[in-house]
Amino acid sequence: MSEPILRVSGLAKRFGGFVALEGIDLEVRAGERLGLIGPNGSGKTTLINCISGALYNDAGRVVFEGRDITRMAAHRRARLGVARSFQIPKPFRSMTVLENLRVPLEYAAWERAEHSRITDEAMQVLELIGLQQRAHEGSAGLTQVDMRKLELARALAAKPRLLVSDEAMAGLSSSEVDEILGILRALNARGVAVIMIEHIMRAVMGFSERVVVLDAGRKIAEGSPEQILHNPDVERAYLGE
Amino acid sequence: MRRVDAVFWGVLAAVFLAGLALTEVMANEYYFNAMYVILQATIMAVAWNILGGFTGYVNFGSAGFFALGAYTSIVLDKALGLPLPFLILGAALMCGLMGLGVGYLTLRLKGVYFAIATLAMAIVLETFVNNWSYVGGARGVYLLTPEKHLWFKSYIQMLFVAMLGLALGCIAISRYLNASRLGRGLAAIRDDEVAAECAGVPTLRLKLVSTTLMGAMMGVAGAPYPFFVTFVDPLSAFNLFVAVNSIAMPMIGGTAHWLGPVIGALLVGTAQEIITVNVSSELNVLLVGVMLVVFITLAPQGIVGLAQKYWKRRRG
C-alpha cells in the first residue's frame, strides 16, 4: 500500500456551541478514489472546508504529503496541490471560461506551469473536460452542467495531487452524471487522488474504491462500497430506526 | 513591443507634449485652472477604480485620502520647506501607508460594511485635523504660492503640467494592472473571494497591494492641492463631493476597464466645469447625481461597457 497523501487525525470543528465535526480520522492514498457520504448536515462540506483551508479546524491535524498544513492559508494549500470544486458553482463571472482557468494556472500552479504557454495549457484542460467550444464565452451564461464542468476544470487547472469534488453532480440528469463521472475517472487515471462527496449513490458507489460515512459530525463507517451498503449503522443513519 | 502598447505610449506622449505646447500658446490662466481640476479628478477616479472597479471593494473615504495627501504636503512644506516633488512623494508614502491599514480592514469587513468603515476613517481624520492647530485646525491654513516656477510663465501652468504627468503615470499603472497576472488575481477576488483563494490567489496580499496603490495615488492627487488653492481648511479638503465624484466618475465611464474612469472623469469633470462657469456652481452637484442615476439604471457597465456591447454586436 502506498503512503497516504492526506492524513487527517482527530479533527474537530465547532461553530459556537454546535459541534460540526468531532474526532475525524481520514486517510487518502495517492491516486485513490474515496467516497464521502452522509445525510444532510452530517459535516461533509465542513470537513472538506477544513481540508482545503476555507475553514480552520479547532482541534486535530491535517497533513498533506508529509507536511502539516493545519494552519496553512487556503491559497498555499492550493499551491501544494489540494484543489476543490464547490457545491454551488462559483465561476469568476466577469471572465470567459478560458480566463477562469488562467487564474489557477497563474497562481496555484504558477511554479509548475510554463509561463509562456498558459493559454495552451488552459485549452488542454478544457479539451479534457469537453468545454473547448465554450472557451471564449462568458462564464456567467453557462448551463448548469457546463458550470459544474467549469468548476472541475478550474480545480484541474491548479494541477492538483488531490481533488475534492463537492457534489459536482447534484441536480444533473442521468446522462450528465455519467459525463461528470467520466471526467473524474479520467482525472484519476492521471494519478490525481479524488475525494467525492455525493448523494447520488449509483455514482459514488460505482466510482469509489473506499467509502467513508459521516453522521452528525462523526465517522460512523468506513469500507468498500459493498461493506458500506450492508452496514447496519449506515442504514440507521439514513433511514432511522 | 506589441502594437497596442506602442499606440498607448504614443498617445500618452502626444497628450503630454500637447499639454506642454498649451503652456506656450495659451495665455488665459482660467483654462489651466479648469484643466488642473479635471486632471485631479482623473487621478482620483483612476485610483478609486483600482480598488472599487478591479478588486470590488467600494471606498467611500476617498476624501480622507485626498485630504491626508494635501495636509501631508502642508506639514512637509511648513516644517522642512521641501520642493513640490518631495511633497508629492511624501504624500504618496503617507497615503500608501493609510491604504495599507485600510487593506487590513478587508480581513473582517466586506461589501457595505467596508464602505462604511472607509467613510468613518475619513471622518476620524477630519476630526483630527480640525483639532490640530499646527496645520490651522478648523480655521484653515494659508499658503503662499512659491515664486519659482521653472521655465513656465506662471505657477499654475507648472502645476498643470505636473498634474498632467502624474495623471498619465497613474493611467499607465492602472492599464498595466488591468491586463496583468496581478489584475486577473484582483478580478478573481472581485468575482468570488473564496473561489479565488482556493485557486491559489493570495487574496490578502493582493488586496493590500490594491489598497496601498489606491491610497498612494489619491495622496498624489491631493499633494499639490494646497498650492493650487492657497487656502486649505478641513471643510474643503475633506469635502464629501470629492468622495462622491471619485465613485461617480468610474461608474459612469465603466469600472471593469482601465479606460472607464478616464473617460468618466474627462466627461463629468468637463461638464462640471462648463456648468459651474456658465450656469451655477450648485447645479454641477446635481449633474453628477442625475448622471449617476441614469447610468446605473440604463448602463450599469458604463460608457466602456456600452461601447464593448456595440462592437460585439457589429462583429457578431
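Predicted model: local features only at pLDDT ≥ 70, side-chain atom pairs only at ≥ 80, totals over all residues.
1. A quick word on terms before anything else: helices here are DSSP runs of H or I with at least four residues, strands are E runs of at least two, and both are numbered from the N terminus.

2. Staying with chain B as a whole, its C-alpha atoms fill a box of roughly 55 × 45 × 40 Å along the principal axes. Of the 316 residues, 48% are buried. If you look at contacts in chain B with a separation of 6 or more, 78% of them come from residues 24 or more positions apart.

3. Which residue pairs bring helix 12 and helix 15 of chain B together? On the helix 12 side (residues 240-253) they are B:Met251, B:Ile252 and B:Gly253, and these meet B:Gly302, B:Ile303 and B:Val304 of helix 15. By class, that contact has 4 nonpolar, 2 polar and no charged residues.

4. B:Lys207 is worth a click. You'll find B:Lys207 in helix 9 of chain B, residues 203-222. Is this lysine buried or exposed? B:Lys207 has 24 C-beta neighbours inside 10 Å, and the cut-off for buried is 20 or more, so B:Lys207 counts as buried. Leaving out residues up to four places away in sequence, B:Lys207 touches B:Thr55, B:Gly103, B:Thr106 and B:Ile189. B:Tyr104 is 103 residues away from B:Lys207 in sequence, yet the C-alpha to C-alpha distance between them is 8.4 Å.

5. Now the interface. On the chain B side 18 residues are in contact with 22 residues of chain A. Helix 7 (181-191) and helix 8 (193-198) of chain B each supply at least two residues of the side that touches chain A. Which helix of chain B gives the most to that side? Helix 7 does, with 6 residues. Sorted by class, the side of chain B that touches chain A has 10 nonpolar, 3 polar and 5 charged residues.

6. Over in chain A, start with strand 1 and its partners. Strand 1 runs antiparallel to strand 2 (residues 18-29), and 8 bridges join them. A:Pro4 stands opposite A:Arg29 of strand 2. The two strands form a hairpin with 2 residues between them, and A:Gly16 in the turn has a positive phi of about 60°. Strand 1 (residues 4-15) is also joined to strand 4 (residues 59-64) by 5 bridges, again antiparallel. In that pairing, A:Ser9 stands opposite A:Arg61.

7. Strand 4 of chain A has a further partner. With strand 5 (residues 67-68) it pairs in the antiparallel sense over 2 bridges, and A:Asp68 in strand 5 is the bridge partner of A:Val63. Strands 4 and 5 of chain A form a hairpin with 2 residues between them, where A:Glu65 in the turn has a positive phi of about 45°.

8. Helix 1 of chain A, residues 44-52, is mostly covered, with 9 of its 9 residues buried. The buried residues include A:Lys44, A:Thr45, A:Asn49 and A:Ser52, along with A:Leu47, A:Ile48 and A:Ile51. Just after the helix, A:Gly53 takes a positive phi of about 100°.

9. Last, a couple of backbone angles to check by eye. Most residues other than glycine have a negative phi. A:Glu167 has a positive phi near 45° and sits in the loop between strand 7 (162-166) and helix 6 (174-189) of chain A. With 18 C-beta neighbours inside 10 Å, A:Glu167 counts as partly exposed. A:Ala216 also has a positive phi, near 50°, in the loop between strand 9 (210-215) and strand 10 (218-223) of chain A. A:Ala216 has 15 C-beta neighbours inside 10 Å, so A:Ala216 counts as partly exposed.

Terms used
Residues numbered from 1 in each chain as written. Chains lettered and ligands numbered in written order. Pairing = 2+ DSSP bridges. Contact = placed C-beta atoms within 7 Å. Nonpolar A, V, L, I, M, F, W, Y, C, P; charged D, E, K, R; others polar. Buried ≥ 20, exposed ≤ 12 C-beta atoms within 10 Å, placed from the backbone.
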